[in-house]
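Hello,

Here is the structure I promised to pass on. Have a look at it first, and then read on for what turned up.

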Amino acid sequence: MATLTTDFGQQARGYRSLVARRLATLAGLAGLLVLSVALDVSLGPARYGLGDVLRTLFLPGAADLQMRVVVWDIRMPMAMMAVTVGASLSLAGAQMQTILANPLASPFTLGISAAASFGAALAMVLGVALFPGAIGFMVPLNAFAMAMAAALLIFGLSTMRGVTVETIVLLGIALVFTFNAALALLQYFATEQALSAVVFWTMGSLTKATWGKVAITAAILAICTPLFARRAWALTAIRLGETRAAAMGVPVRRLRLEALLLVSLLAAVPVSFVGTIGFIGIVGPHLARLLLGEDQRFFLPGALLTGAIILSATSVLSKALLPGAVLPIGIITALVGVPFFAALILTKGRRGW
């Protein structure tokens, strides 16, 4: 009995130590995100010191009017858009990988981003509005409609009898090629001005961020995150395999369908505002998994933070690499994500999927 009591005590201390380490990791990630946002705001045509930026952010009354306008009205919407979009795409990718048991699943690889690009191009090239009457918001609404259509198609087919997670992933890859081909056809017939607009949009950019767009993206994130958090135990269990999760009482099929709907919303809204941004939904979750493990209580906030940090840091690089210009962030995320993607494929291929 004494031995059992001692073993239990050691296990309890080990568990508390593990939880403390993971909480410390989350706190460290949060601090890194704050630093990245401050750096993002400090960079631009007029560069400000980090101390001045922090003072303007936390004590706006102490800063001069010009700096308040530049920081709060111009740069902060872009910086916060990077945070909310990065967190949304990373969370969407994390839960796609969880419910499909595939490390390569993400909004980008399953065709949702490609569908959004095609929807935006319909508005730019042909002037087609999928929501009649919303002329001023034709591009983001078209992108949102097509992204949701692609996601709902995947959702609908996943409910068919005999459809496996491998089939869903292959279907997503097919959608990527289909929408990319349709986009190329539109570009072929586009005018020079429309072609320039489409190409710039597909590169992904934060330059048109506004507080309204930030608020909408943050609201979607605030709605979806607690819904995933309520299912943290079931989502953790499903990573053990469908059979084991079902034996534990997890309604695997219903959970997968609910998660797909939430993921679709999380992916469609940010992409409709900022354009195509790839690989955040793959890189962010894998970094969170490496740092915090599979337990959704820590993995979920970790995925939010890593995705936000990656896109915020990308925004910093987009301003720092070429002084006086802001590079499209989609280009930088691709340059970072492609090697990571290739390494992931090679690593998983050797170990087995």
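**Helix α4 and what follows**

Helix α4 covers residues 112–126, which makes 15 residues, and its first and last C-alpha atoms lie 21 Å apart, close to the 21 Å expected at 1.5 Å a residue. Please keep in mind that this is a predicted model. Of the 15 residues of α4, 13 are buried, so the helix is largely enclosed by the rest of the structure. Just after α4 comes Gly127, with a positive phi of about 70 degrees.

Next, a residue further along the chain. Ser312 sits in helix α13, which runs over residues 296–320. Is Ser312 buried or exposed? Its relative accessibility is 0%, and because buried means under 20%, Ser312 counts as buried. Setting aside neighbours within four places in sequence, Ser312 is in contact with Leu33, Ser36, Val37, Asp40 and Ala82.

Now for the surface. A nonpolar patch there is formed by Leu32, Val34, Leu35, Leu39, Leu50, Leu54, Phe58 and Leu59, which together have about 700 Å² of accessible area. Which helix gives the most to this patch? That is α1, with four residues. Both α1 (2–42) and α2 (50–58) supply at least two residues each. One of the patch members, Leu50, is found in helix α2. With a relative accessible area of 31%, Leu50 is partly exposed, and patch residues need over 30%.

Enjoy exploring it, and write back with any questions.

Best wishes

Key. Residues are numbered from 1 along each chain as its sequence is written. This is a predicted model: local features need pLDDT of at least 70, side-chain atom pairs count only at pLDDT 80 or more; totals for chains, interfaces and linings use all residues. Side-chain values use heavy atoms; hydrogens and water are left out. Patches are made of residues with over 30% relative accessible area and no salt bridge: like charges are joined within 9 Å, nonpolar side chains (Val, Leu, Ile, Met, Phe, Trp, Tyr) within 5 Å. Accessible areas come from the Shrake-Rupley method with a 1.4 Å probe; for residues, only the protein chains shown count as cover. A salt bridge is a side-chain nitrogen of Lys or Arg within 4 Å of a carboxyl oxygen of Asp or Glu. Buried means under 20% relative accessible area, exposed over 50%, partly exposed in between (1.4 Å probe, protein chains only). Contact means heavy atoms within 4.5 Å. The expected span of a helix is 1.5 Å times one less than its number of residues.
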